[in-house]
Amino acid sequence: MIQRILTASLLIPLVLLTIYWFPFELFLLLIDVVAVLAMWEYLHLLNHHGGHSFPVVYPCVVLMPWLAGFTPQWIPAFLVLTLLMLAASALVQIRTLREGLLSISGNTFGLIYLGLPLTLAALFHPRLPGGVGGWERANELLLIFLTVWISDSAAYFLGRAIGKHHVFAHISPKKSLEGFLAGILVPVILIPLLGRYLLPESSTTFLIAAALLVSVAGIAGDLLESMFKRGAQVKDSSSLLPGHGGILDRIDSLLLAVPAYFVLKVLLESASLS
C-alpha cells in the first residue's frame, strides 16, 4: 500500500502539470507514450489469450490523438485505412487459422479500447488548436481524474475495512459489494463540492450525474481489465509502476470513464439545442 501511495504522489503532480502547463504538442507526446506502453501490455495479454498481435496497431494508436487535434476531418478515412491494414496484417501474419478471428478482433478492440479514450482525453486540453479549448475543458478532465481517484480510493479502503459480500468473484475475488457502493457514493457526495470550484457554471444536478456515471464507468473499466488479466492468468499487466503494476493497471478505470463523461456532455448539448 505504501508503494501505491508513493507512486500516486508522483503521478498526480505529473498529470496536473501536463493538463495545465504543457503545450498541446507535448501533451500529445505524453499521451503517445502512455498509448504505446498500454498497447504493449494489452497485446501481451492478448498473446496469453491465444491471439496474435499486429505491430501496425502501434502507429495507429499514436496517430489518432494528433489527427483528432489538428485534422479531425481525416478521422473517417483514417479509421477505414486502419481497418484495411488490420485485415492485411491478419492475412500476412496468421498461420494458424483458428487464431485469425481472435487476433483481428483482439487488435481491433485494442485500438478502440485504448485509442478512443486517449484521443478524447487529448481533446480536453485547454490549448486545443482552432480556439475550441479553454481552461474549463482542462477542469473537466481534472474532474474526471478526481472522480476516478476518489472512487478507487473509497472502494479500496472501505472495501478492505467493511467489505463482506463479494461480487464478481470470478473476475476479481477481493472486490466487495460494500467497496463498489463506496466507490459510487463517495464521489457523488464529494464531486459536487469540488465541482463548485472547478466548474462553477455547472449545476449540482449535472455534477451529481457526472460523478455517478464516471464512477460506475470507472469501476466497470477496472473490472474489464481484471477480466483480461484473469483470463491471461497474470496478476498485473506489467511491473512498470511499483505498487500499481503496469500502465494499463493505472489507467483502466479512465478508459471507460473518459468516454462516459464525453457521452454525457454530448447528450446534454444535444438536449439543449433541441
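The legends below go with several close-up views of a predicted model.

**About the model.** Residues are numbered from 1 along each chain as its sequence is written, and side-chain values use heavy atoms, with hydrogens and water left out. Because this is a predicted model, local features need pLDDT of at least 70 and side-chain atom pairs count only at pLDDT 80 or more, while totals for chains, interfaces and linings use all residues.

View 1. The chain averages a pLDDT of 88, and 92% of the residues score at least 70. Helices here are DSSP runs (H or I, at least four residues), numbered from the N terminus. Where pLDDT is low, the predicted coordinates should not be read in detail.

**View 2. Helices H7 and H8 pack against each other.** Two packed helices are described by the angle between their axes and the distance between the axes. For H7 (residues 177–198) and H8 (residues 204–232), the angle is about 140 degrees and the axes are 8 Å apart. Each axis is a line fitted to C-alpha atoms over the stretch in contact, and angles run from 0 to 180 degrees between N-to-C directions. H7 contributes residues including Phe 180, Ile 184, Pro 187 and Arg 196 to the contact, and H8 contributes residues including Leu 207, Ala 211, Ser 215 and Leu 223. Contact means heavy atoms within 4.5 Å. What kinds of residue make up the contact of H7 with H8? They divide into 13 nonpolar, four polar and one charged. In this count, Ala, Val, Leu, Ile, Met, Phe, Trp, Tyr, Cys and Pro are nonpolar, Asp, Glu, Lys and Arg are charged, and the others, Gly among them, are polar.

**View 3. A salt bridge joins Glu 140 and Lys 265.** Side chains of opposite charge can pair when their charged atoms come close. A salt bridge is a side-chain nitrogen of Lys or Arg within 4 Å of a carboxyl oxygen of Asp or Glu, and the whole structure has six. Between Glu 140 and Lys 265, the N to O distance is 3.0 Å. Glu 140 lies in helix H6 (residues 135–162) and Lys 265 in helix H10 (residues 254–273), so this pair ties together parts that are 125 residues apart in sequence. Are the two partners buried or exposed? Glu 140 is buried, with a relative accessible area of 5%, whereas Lys 265 is partly exposed at 24%. Buried means under 20% relative accessible area, exposed over 50%, and partly exposed in between (1.4 Å probe, protein chains only). Leaving aside neighbours within four places in sequence, Glu 140 also has Phe 124, Leu 199 and Tyr 261 among its contacts.

**View 4. Asp 152 pairs with Arg 250.** In this salt bridge, the closest N and O atoms are 3.8 Å apart. Asp 152 sits in helix H6 and Arg 250 in helix H9 (residues 247–251), so the pair links parts that are 98 residues apart in sequence. Asp 152 is partly exposed at 28% relative accessibility, while Arg 250 is buried at 19%.

View 5. Lys 229 is buried at 11% relative accessible area, and Glu 225 is buried at 0%. Salt bridges that share partners join Glu 225, Lys 229 and Asp 249 into one network.

**View 6. Ser 103 in helix H5.** Helix H5 spans residues 100–122, and Ser 103 is buried there, with a relative accessible area of 0%. Not counting residues up to four places away in sequence, Ser 103 touches Leu 46, Gly 51, His 52, Phe 54 and Ile 94. The C-alpha atoms of Ser 103 and Gly 51 are 4.6 Å apart, although the two residues are 52 apart in sequence.

**View 7. Gln 233 in the loop between H8 and H9.** Most residues other than glycine have a negative phi. Gln 233 is not a glycine, yet its phi is positive, about 60 degrees. Gln 233 is exposed, with a relative accessible area of 73%.

Technical notes
Helix = DSSP H or I, 4+ residues; strand = E, 2+ residues; numbered from the N terminus. pLDDT = per-residue confidence, 0-100.
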